[in-house]
Structures are given as C-alpha cells and as structure tokens.
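Colleague: I am new to this structure. Please show me how to read a few of its features.

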Amino acid sequence: VKVSLVLALVLPLSAWAQLAVVTYDGTMEVPAASLFDYGKVAAGDTKDIRFRARNTGNSAVVLSTLSIAGAGFSMINAPSTPYTIAPGNFVEFPVRFFSNTPAAYSANLQVNSRSVLLMATAVPVPALTAASGCTGPDPATRTIDFGRIQKGATGTCTLALQNLSAQSLVVAALAVGGAAFGPLQGLRAPLTLLPGERVTFTITFAPPDAATYSGTLNADTRSFPLTGAAFNPLLPNPALALDLATIGSAQQRTLKMSLPSAAPFSASGYVNLKFAPATSVVTDDPAVMFVATGTRIVPFSFKQGDTQVSLNGQAGTVFQTGTTAGTITFSLTPAGFQMDGDPTTTITIPPAAIGIDTASATRRANDLDIAVIGYDNTYTAGSMSFTFYDASGNAINPGAIQADFTAAFRSYFTSQSGGSAFLMRVTFPVTGTDAQVKQVASADVTLTNSAGVARTQRLTFP
Amino acid sequence: VRAFAFLIVIVSASAQIEHPGLGLMLDQNGAARPVLGVAGSVTLGDAIANDVQALACSKRLCLLKTDASVVSSSGESADAPPGPALIAPPFIYFERTNQLGRWTDGELEPIDLAVDGQILSLREAADGTIEFAVARQNGVWLMDSDGTVIDSLPSGPVMLLQHGVIFADADAVILRRANGIEVRFDVAGAESFFPLGEGYVGVRAGDSAWAIRMEPGREQAFLLPRAAP
C-alpha cells in the first residue's frame with residue numbers, strides 16, 4: 001500500500017517534468033530560466049527569440065497551453081493547441097518583442113504549467129542615414145550598400161547619426177567588422193548626442209579582389225549589414241585578328257586574340273561566333289564554327305601580365321568559313337570583368353564563283369557521267385555548259401551544250417541545311433556504236449552563278 | 001567543231017544533287033559519324049553507331065569493330081575478340097589477341113598469322129593478299145602474310161595505303177606515294193592514322209583530328225571538327 005501511494009504521487013509530476021522550455025539560437029538549445037531578458041532593444045526595432053517546448057521524456061506530451069500576456073511581446077506562428085509532442089521532439093514558437101515607445105516591458109509566457117517572465121527595454125536610438133558614398137540603410141534589411149568599385153580602389157561612405165528624440169542619447173559602442181570594410185573614422189564611442197544633434201562619420205571599403213564583400217556596422221543594439229562588390233579594372237581592349245590571307249569560303253583560318261598592353265589581372269571568358277548569310281535561301285551554315293569545339297563558342301583565358309590570350313588552351317583557334325557568303329562576327333563574353341572598348345570583329349565572306357572541289361568523268365555503255373563536287377556560296381547555281389572533246393582535243397558537235405539546273409539546285413539548297421556544298425551527277429545518254437561512244441575522250445564543264453564563272457579542268461573519260 | 005555519227009542526247013540530261021561526304025570517322029566519344037562537306041569545310045553528321053573501336057571502308061565494304069563484334073555495312077555481324085582492331089576490308093586484325101580474320105560472305109573467317117612483331121597497319125595488296133607494317137626491335141618493316149620482309153618503313157606512326165604509305169615524324173605527316181614521291185603536311189605531333197574515306201586519311205594529334213587529302217595536285221591538311229556536345 002505504501003509503495004502504491006508513492007507511485008501515485010510521483011507519476012503526474014514526472015509527466016509534467018518531461019516538457020522543457022528552451023531557447024534556440026540556431027546552433028544550440030539553452031534551458032530558459034523563470035526569467036528571460038531580451039535586453040535593450042532599439043525603439044522601433046524587433047527582436048525575435050526562438051523558444052521551444054521540448055519533450056525530454058520517453059512518452060508523448062500534450063502541449064495544451066501556449067500563451068503570452070504582456071505589452072510588446074507577441075508569438076509568431078505559434079502552433080495550435082492541443083499539440084502532441086513525441087518523445088525527444090519539440091515544437092518551436094518564436095516570440096517577438098517590438099515597441100516604438102522607449103520603456104521597460106514584461107510579459108508572461110505560459111507553456112502548459114511552466115511560466116517564464118519575459119523582459120525587455122525599448123531604448124531610444126539615433127537615426128542612421130547615408131550621406132554619401134553608399135546607400136541605405138535598406139528599410140527591410142538595414143543593409144548599407146557600398147556599390148561596386150574597382151578592386152584595389154577605396155570607397156568612402158559617409159553616414160550620419162542624429163538624435164531625433166527629446167532627450168540626450170548615449171551611443172556606447174560603434175564598430176565595423178568584415179573584410180575590406182573599415183576603419184570607422186570621425187567618431188569615437190562612447191558619445192552623447194544632444195536632442196536634435198547630428199554627427200557624421202565615415203567607413204571605407206577597400207576590396208583587394210574582384211568579389212562580393214559583406215560586413216557589419218554595430219551601433220549599440222543595432223546591427224547594420226554592410227555589402228559591397230569589387231570588379232577588375234578595365235581590360236585593355238582585346239584585338240581579335242586573323243592572318244592576312246584573303247578570306248573566302250571553304251577555308252580554315254586561325255583566330256588569335258591579343259591585348260595592347262599587359263593584362264592587369266587574370267581572367268577568362270568566351271569567344272562567340274555568329275554567322276549571317278548574305279542570301280535569303282538559307283538562314284545559316286553549320287560548317288561555320290570553331291573546329292576545336294565543334295560549336296560557335298570557344299573559351300579564352302589570360303594571366304596577369306599576358307599580352308597574348310589563350311584560346312581553348314592554344315595560341316590560336318581554327319574556325320571554318322563554311323560555304324555560304326555572309327558575315328562572321330566574333331564577340332567576347334567576359335567572365336567578371338569589363339573591357340576598355342568593344343572588341344567585336346566582323347569579317348565578310350564575299351560571294352564567289354562556284355568552288356570546284358573535285359570533278360570527274362566516267363563512261364557507261366550508253367551514258368556519259370560527269371560528277372562535280374563543289375560549293376556555291378551564292379546559292380544561285382544552275383546555269384552550266386558542257387563541252388565534249390574527241391581524242392584529238394576537237395570539240396564534238398554541237399559544241400558547248402547549255403543546261404539549266406537552277407530548279408534542281410534550288411530544291412537541293414532548300415531541302416537541306418548543310419551549307420552549299422554539293423555533289424552533282426549529270427548523266428548524258430548517248431547513242432551510237434561502242435566505238436563511236438568511245439571517241440568521246442574528255443569534257444569541260446562551266447558552272448555559272450551570280451558571282452562569276454567557274455570551269456573544271458579538262459575531265460578525261462577513262 | 002567536229003561532228004560525229006552519234007548523238008549526245010542532252011535533252012534528257014539530268015542532274016542528281018546531294019550532300020557530299022569525305023568518309024567516316026570516330027568522334028571523341030567513340031561514335032562513328034559521317035564527315036560531310038568539302039575539304040576545309042566539313043561537319044560531322046549524326047552518329048551511325050556508338051561504342052565503335054575501329055572502322056574502315058573499301059569501295060565495296062565497310063567494317064566496324066565494337067567491343068565484341070564486327071559489323072559490316074551490309075548489316076551482318078559476327079562475334080569478335082574484345083579490344084581494338086586494325087581494319088583493311090576485308091581483313092581485320094585484333095590487336096589484343098593477335099588474331100587475323102577475313103570478312104567473307106557476311107562471316108568472319110580466321111586466317112593464320114605468321115608475322116612476328118607489333119602490327120601497326122595492314123592493307124590488301126593488289127593480288128588480294130595481305131601486307132603488314134610491323135614494328136620490330138630493328139625497325140619497322142613492310143611484310144607479306146608469310147612474314148617475308150618486302151621493304152623498310154620509317155619508325156613511328158604509319159599507315160599502309162593502297163598506293164603508298166603515310167607516316168609521321170615529330171613535325172609533319174609525310175605521304176610517300178608508290179612512285180617514291182613524298183608530300184609533307186605541317187601536322188605536328190601525329191600519334192596515329194585512321195582511314196577516313198576515299199582519297200583521305202585521318203590523323204590524330206593530341207586532342208585534334210586532321211584530314212589529309214591525298215589527291216595528287218590537291219594535297220591538303222585540314223582539321224576535323226569535334227562532335228558538338
């Protein structure tokens with residue numbers, strides 16, 4: 001009987017004892033005592049504390065009471081009750097303090113049967129404004145932005161503190177933290193600001209590298225994030241250059257990139273190639289590309305002090321001019337730096353007579369076949385003439401035979417997207433004895449487009 | 001103008017036009033792709049086969065070697081030893097197992113191999129037999145299928161051609177025609193050759209692939225593009 005009585009008294013107590021009220025700072029939990037002081041909070045500012053109700057026992061606990069009573073304090077996103085907390089688990093309920101009126105505040109936080117007295121003091125603070133060299137503080141984040149300056153340079157932000165209250169204010173601490181920010185000059189804490197008094201001070205921003213920087217300005221209870229970015233100095237305008245040979249279709253040319261003076265920093269980026277055909281028959285020519293990548297983009301890089309820029313890891317990079325007249329434009333996409341000018345370079349692939357790559361003549365029983373591999377960068381091919389010769393080199397009647405394959409070429413050009421390269425097979429049916437047919441020994445082919453006339457070498461029938 | 005008794009009927013002359021191609025090559029990912037265009041202005045077509053270890057074409061036949069099979073252009077396939085191969089249709093040499101085969105009527109027939117040394121290249125001779133470029137400690141040799149030395153060859157990467165041989169030194173690729181005439185191409189650092197197409201040989205040099213145009217009077221070296229990612 002004695003043992004049962006003891007257990008009956010202990011069990012309810014142990015059940016309540018499973019629920020602990022703690023605060024959490026994002027890293028660790030600290031048990032909350034019966035009094036929790038928010039400390040001094042600038043009037044008009046908010047201060048949130050993350051409270052948790054943690055079940056430290058080995059059975060579920062029901063959170064049935066969660067409330068706060070008192071001016072200035074409020075609960076943010078509180079869970080609705082009843083709320084069952086599993087063993088080892090917790091529920092979080094941030095509590096915010098906010099007041100525009102300087103005074104001392106208190107409130108009672110009730111977590112089931114556990115009470116915590118919350119205290120805070122709203123204190124008047126001077127207003128902080130940016131006078132020059134920076135912007136802010138941002139109304140939402142309080143961030144003071146130093147903007148973007150060249151690396152190695154120094155930016156100076158002038159800020160003002162003003163006492164807008166009717167009583168003197170003491171600024172006990174004023175400090176700057178963060179790489180590249182500081183020192184703070186023109187003021188030394190502690191200082192007293194009379195009603196209406198305004199003082200200014202400066203903070204320097206001296207970034208050593210091209211990067212984004214952040215820091216903090218602490219003024220007593222208030223913390224102001226500082227931000228700024230640095231960029232590399234302007235790169236001397238790069239020059240994109242080709243060798244001096246005349247540019248034309250079906251060429252592979254080497255593009256090089258250089259700087260007029262030593263690079264002030266190391267950097268990288270991309271060279272981009274664009275192509276615009278001169279004809280409306282096609283919209284592009286896929287053969288116009290950098291061969292090292294098979295694309296129209298190639299990376300570049302240089303080191304501080306270089307005047308020669310590496311293209312895809314080489315001194316130069318080869319591109320194809322394709323088989324279409326038009327303009328090729330090279331431009332740069334710098335990665336994190338700016339250039340002292342626009343290095344965009346355009347070259348023109350002029351219209352040209354049909355380029356003949358290979359031509360051949362073959363003979364079958366009753367046919368003479370002529371094959372021509374070439375390209376027509378004007379996309380106007382079609383007009384041709386064929387002249388056949390005997391073994392003595394005499395032209396065979398009727399002399400030059402005119403043919404117009406314009407429609408066939410137009411159909412070919414518009415049915416594929418591989419540029420103007422073509423393999424043309426022309427067949428001439430012939431009649432006569434085998435001996436007569438064999439007297440046709442060779443042929444010339446003349447191909448005409450809008451840019452001129454091209455002729456094959458004398459083609460010999462084997 | 002001389003008139004003949006026969007008539008060239010031009011009224012019905014017709015033109016067939018298509019996209020020209022240089023041949024086939026393996027891209028950086030082991031995919032076999034057609035090389036389209038004209039010399040100096042080429043693109044790679046869509047892959048026709050993936051995971052290819054070697055390929056070569058003759059006028060009548062293309063053969064490609066995957067890890068464990070040989071596939072012909074007419075669609076037949078046969079099991080094959082794993083690893084790289086040297087192909088000179090209809091012959092195929094399996095480097096890892098040192099086996100030689102001949103593609104006949106859609107099947108791979110083994111052939112006795114009586115050659116000592118490292119086989120660098122092979123070709124079908126004019127009489128239908130096979131010839132090898134073989135590296136030995138005392139040099140590189142052109143040998144017949146019996147292992148008889150026919151000629152000496154320069155050391156380094158080499159490829160036997162139908163009418164000559166192509167090889168490389170540190171600074172250039174050299175085409176030596178059957179008549180002994182040599183043509184040099186400014187392609188430095190050549191590491192290996194591969195058959196590209198009629199009149200063309202491919203060269204691998206570091207990350208680059210080159211095409212060598214061998215047509216007499218039109219000799220030319222130009223880069224082959226990488227397959228776009």
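Modeller: Start with the lining of the second largest pocket, which has 9 nonpolar, 6 polar and 2 charged residues. Here Ala, Val, Leu, Ile, Met, Phe, Trp, Tyr, Cys and Pro count as nonpolar, Asp, Glu, Lys and Arg as charged, and the others, Gly among them, as polar. The model is predicted: local features need pLDDT of at least 70, side-chain atom pairs count only at pLDDT 80 or more, and totals for chains, interfaces and linings use all residues. Residues are numbered from 1 along each chain as its sequence is written, chains are lettered from A and ligands numbered from 1 in the order written, and side-chain values use heavy atoms, without hydrogens and water.

Colleague: Which peptide bond of A:Pro82 is cis?

Modeller: The one that joins A:Thr81 to A:Pro82, with omega about 0°. The bond from A:Gly136 to A:Pro137 is also cis, with omega near -5°.

Colleague: What is phi of A:Tyr379?

Modeller: Near 60°, a positive value in a residue other than glycine. B:Asp105, not a glycine either, has a positive phi of about 50°.

Colleague: Is A:Tyr379 buried or exposed?

Modeller: Buried means under 20% relative accessible area, exposed over 50%, partly exposed in between (1.4 Å probe, protein chains only). A:Tyr379 is buried, at 2% relative accessibility. B:Asp105 is exposed, with a relative accessible area of 76%.
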